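Subject: the two-chain model

Hi,

Here is the model I promised to pass on. Have a look at it first, then read my notes below.

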Amino acid sequence: MSRLETRKAVIGYGDQPIVRGVDVHVPDGKITAIVGPNGCGKSTLLRALVRLLTPMEGSVVLDGEDIHRIPTKNVAQMIGLLPQAPIAPAGITVKELVARGRTPHQKLLRPWSDSDETAVLSALHSTNLTPLQESVVDELSGGQRQRAWIAMALAQDTPLMLLDEPTTYLDISHQYEVLDLLHRLNERQSRTIVMVVHDLDQAARYAHHVIAMREGEVAAAGPPAEVFTEKIVSEVFDIDARVFPDPVTGTPIVVPSGGPGHTQ
Amino acid sequence: MRSLRIGPFGITTHRRTFVVGLVLLGALLSLLVFALVVGKANIGFLDSLRAAIGISVGSPGDFIVGQVRAPRALTTILVGGMLGVSGAILQSLTRNPLASPDFIGISAGAGTGAVLTMWLTSGTSLWVTAAGAAVGGLTAAFLMLALSWRRGIVPLRLILTGIGIGFVAQAATQYTLTRMDVHDAGAALAWLVGSTTGSTWTHVTVAAAVLAVLLPIILWHARALRTMEMGDDTAKALGIHVSRSRAILAVCSVLLAAAATAVTGPIGFIALVAPALVARITRGPGVTLIPAALLGAVLLLAADQASQLMPATLQFPVGIFTAVVGAPYLLWLVWRSSRGGPV
């Protein structure tokens, strides 16, 4: 089943199509990874899925309805987003930032309810940020800051969470910290997660469903074992690669063949 | 989140921001009493207050307090508040402390609109002048957007364009002055200096009416404003109508600055300083509109009182006074940014 999907969606900026007529399904309750070379339209697709971009043709459909026909506040109660470059207001504390995730649930004259407070505390707890809740976001480490933003999206309390490169700019330990967090959120709270990632091995380890894109089209979609084959990886990324089972998890890992100086 | 509940309504606010707001309100009320009671004529403390709320205390108190001090103080408070809110909105929308209506040509555009209106109508009605100022301010804002638009808005380009438009607007104002007859030109010149001297209840009414219409609209979008500070994508994902809220808030900000300009003439630096100073004092995240309004009012009323207390030969209009006090702040901002700090 999938609540969120695209139907022959052509998506782009101005009159430049970047994604050319794709049909994408986001399986409910699973982690979906969107992978592909730079400029293939991964982030463009993600932005359209969360209605930041309107398809030039075709549509993005949420629960059977065109997402742009649903009031934006209602969409915000169903889909949360971690953008690529969010801006933390100067001096904001972790808890205040997380509280802003409650925006779509608030009403004008009754801004803060007990359920808001509960959602914020639980988001802080899930991201292990409870001890840091009074810290100023600007002063956190990169990994902590990313967790704070994820906590904000969590407090939004949406069944679907979309993340645009949640691990980029983080060191390896913080990358896995974020991925483990997403894994827990999916396992324990059965949230549907869609993430754009660059690292294929991480996508293979953490995702149930992989969408591989190339030049604005979906080159392959399915479970990691079906998508990360030597044939598909070399087609999508223009690179000769060998695929082995990950010695720890058994999921595919992609190793460029040819050695230094000869990867292409 | 520290929140505050008053009756059925909840106000989510930073506790420190709330305390700062209360302190500013106290300061404003004290200054108001001072403005009503202290002056060249000695009316007496209680008589001044009675006269201010319309209880007759006989001559000359009724006139001096009821027709001179009270309307002047209230006009000053309202204009200061309007400038504070206007600046807070612009600075928040552009994420740049240099964006204030007096700095980016909006007040200058409103000034041109007002002077043109004075010329065409011989300055008969403040309401008409205010409408002219609104048209001038909106025109300046529209030109600024149109000229700085290159597939989006970069705040610095917007501000530099605004400064340029300000110069053009001032030239247009000067030219209009040369076309006016001497009497009207004199009145317009006195107005252009930025002064609360001679404020009447009509000035109070115009300022209060504009605030009464715009402030609820602005507060309605205050949450959108704070959310947009996290970037358009985040705000949209949180269910904010970003383009619509931004347009409404920008127009409200321009109209506030234009109306303030129509009422007292251009008064500089309040819109620049008040929101930035509030952010510094509250140390809270994001824009705080009501404290910015209160501080704008406090600053302008204090400046107005200070300029009145000067010896007669040194008295100058409050617009000049705020420039004398505000210019060093601007220089400090520039100095700090040149040393690598955030502008």
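What follows is what I found, going from the whole chains down to single residues.

First, the housekeeping. This is a predicted model, so to speak: local features need pLDDT of at least 70, side-chain atom pairs count only at pLDDT 80 or more, and totals for chains, interfaces and linings use all residues. Residues are numbered from 1 along each chain as its sequence is written, while chains are lettered from A and ligands numbered from 1 in the order in which they are written.

**The two chains**

Chain A has nine helices and 13 strands; helices (H or I, at least four residues) and strands (E, at least two) are DSSP runs, numbered from the N terminus. Its radius of gyration is 19 Å, close to the 18 Å that the globule rule gives for 264 residues, so chain A is as compact as a globular protein of that length. (The radius is taken over C-alpha atoms, and the rule is 2.2 Å times the number of residues to the power 0.38.) Along the principal axes, the C-alpha atoms of chain A fill a box of roughly 60 × 40 × 30 Å. Of its 264 residues, 46% are buried. I call a residue buried if 20 or more other C-beta atoms lie within 10 Å of its own, exposed if 12 or fewer, and partly exposed in between, with C-beta atoms placed from the backbone.

Chain B has 14 helices and two strands. Its radius of gyration is 20 Å, close to the 20 Å from the globule rule for 343 residues, so chain B too is as compact as a globular protein of that length. The C-alpha trace of chain B spans about 65 × 55 × 40 Å along its principal axes, and 52% of the 343 residues count as buried.

**Where the chains meet**

The interface puts 28 residues of chain A in contact with 22 residues of chain B. On the chain A side, the elements giving two or more residues are helix 2 (72-76), strand 7 (79-82) and helix 3 (94-100). By class, that side has 18 nonpolar, five polar and five charged residues. Here Ala, Val, Leu, Ile, Met, Phe, Trp, Tyr, Cys and Pro count as nonpolar, Asp, Glu, Lys and Arg as charged, and the others, Gly among them, as polar.

**Domains of chain A**

Chain A is divided into domain 1 (1-78 + 160-239) and domain 2 (85-157), with bounds from an automatic or database domain assignment. Their centres, taken over C-alpha atoms, are 24 Å apart. The contact takes 12 residues from domain 1 of chain A and 11 residues from domain 2 of chain A. Helix 6 of chain A gives the most to the domain 1 side, with five residues.

**The sheet**

Six strands of chain A form an open sheet in the order 7-8-9-4-10-11, with mixed pairing; two strands pair if DSSP finds at least two bridges between them. The edges are strand 7 and strand 11 (217-222) of chain A. Strand 7 of chain A runs parallel to strand 8 (160-164) of chain A, joined by four bridges, and A:Gly80 stands opposite A:Met161 there.

A:Leu81 lies in strand 7 of chain A. It counts as buried because it has 29 C-beta neighbours inside 10 Å. Leaving aside neighbours within four places in sequence, A:Leu81 is in contact with A:Val50, A:Ala153, A:Leu162, B:Asp233 and B:Ala237.

B:Ile55 sits in the loop between helix 2 (45-52) and helix 3 (61-94) of chain B. With 13 other C-beta atoms within 10 Å, B:Ile55 is partly exposed.

Cheers

Terms used: Contact = placed C-beta atoms within 7 Å.
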